Amino acid sequence: MRRLKKTIFIRLTGVLVLVLFVVRVCNPEVYHSDPTAALADADQTAAEALATIDPTPAPEVSTDKDSSPASSQGSHPLPSRHQLDFSYRHPVRGVRSYTDELHDLQEVQYPTARRLGVRPIQTRAEVEHSKNKLVYIGLSPYYIIGRQMQQSIPYLVPRAAELLQHIGRAFIDSVAVKQLPLHTIVVTSALRTEQDAARLRRSNTNASDQSCHRFGTTIDISYRSFYDVEAQSQEPRSAEIQEKLKLVLAEVIRDQRNAGNCWVMYERKQACFHITVR
């Protein structure tokens, strides 16, 4: 009797194992759940949830050019994913042509400078009486005042000072995402008094007596000299790095020009971008 029961038990167990094996072969997903399938299901659920959200875009942030630098501190957009993902290396492209894309002549820049700037100041001592209309730009983490600035002083109208901040900040961001050594831009010229302009004309016969720098709306940013933050020097690391930094700066300035924020003239002899705020 015991042998009979044992035999029946063994046979039932064998049949059960056989049935389970057949089920497993015919329906493998019952026993092996696919993680990718689960993720796909989750994505589908998320997509269905997103479909219920109002697609109306959020209102755009105002970009009124008359706002002061202090009032626009919190208006900058958050960085994109690639700006934080340094495993993605952005290419250095530069501009198609300096003479085509960055060639706003004096006839364009001068009327804008005269309209938006201060009245020409006679001497540097008189700048003290115009500080309510000018901003000191001598200290900033986004750029330095170059040792080349001898025929001008570091003051600009607020509108131009804000533009300079944007250019300096955008340049540092671009250098970072393109994985180049950290540098900042170098400002070589800003406000010129009438006395400065006259002194410059004596030493440089090509200097114009109708300079935009007289109105505090115009800056020169060098494309030959950059400030190496690590080495704390304006000396270039190499010709290759210097050329790449020049291309990055050209990209940043072109974007500001295309956005309608400034006029730009690429100056070969002075090795700078001559920029007037708009």
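Tyr98, Tyr223, Tyr266 and Phe273 make up one aromatic cluster. The model is predicted: local features require pLDDT of at least 70, side-chain atom pairs count only at pLDDT 80 or more, and totals for chains, interfaces and linings use all residues. Residues are numbered from 1 along each chain as its sequence is written, and side-chain values use heavy atoms, with hydrogens and water left out.

Rings of Phe, Tyr and Trp (its six-membered ring) pair if their centres lie within 6.5 Å; planes under 30 degrees apart count as stacked, over 60 as edge-to-face and the rest as tilted. The count is 8 aromatic pairs. One of them, Tyr98 with Tyr266, is stacked because the ring centres are 4.3 Å apart and the planes at 10 degrees. This pair joins distant parts of the chain, 168 residues apart: Tyr98 belongs to helix H4 (residues 98-101) and Tyr266 to strand E7 (residues 262-267). Helices (H or I, at least four residues) and strands (E, at least two) are DSSP runs, numbered from the N terminus.

Phe171 and Phe226 are likewise stacked, at 5.6 Å centre to centre and 10 degrees between the planes.

Buried means under 20% relative accessible area, exposed over 50%, and partly exposed in between (1.4 Å probe, protein chains only). The residues tabulated here are buried.

| Residue | Relative accessible area |
|---|---|
| Tyr98 | 18% |
| Tyr266 | 8% |
| Phe171 | 0% |
| Phe226 | 4% |
| Cys212 | 1% |
| Cys272 | 2% |

With a disulfide defined as a pair of cysteine sulfur atoms within 2.5 Å, the count is 0 disulfides.
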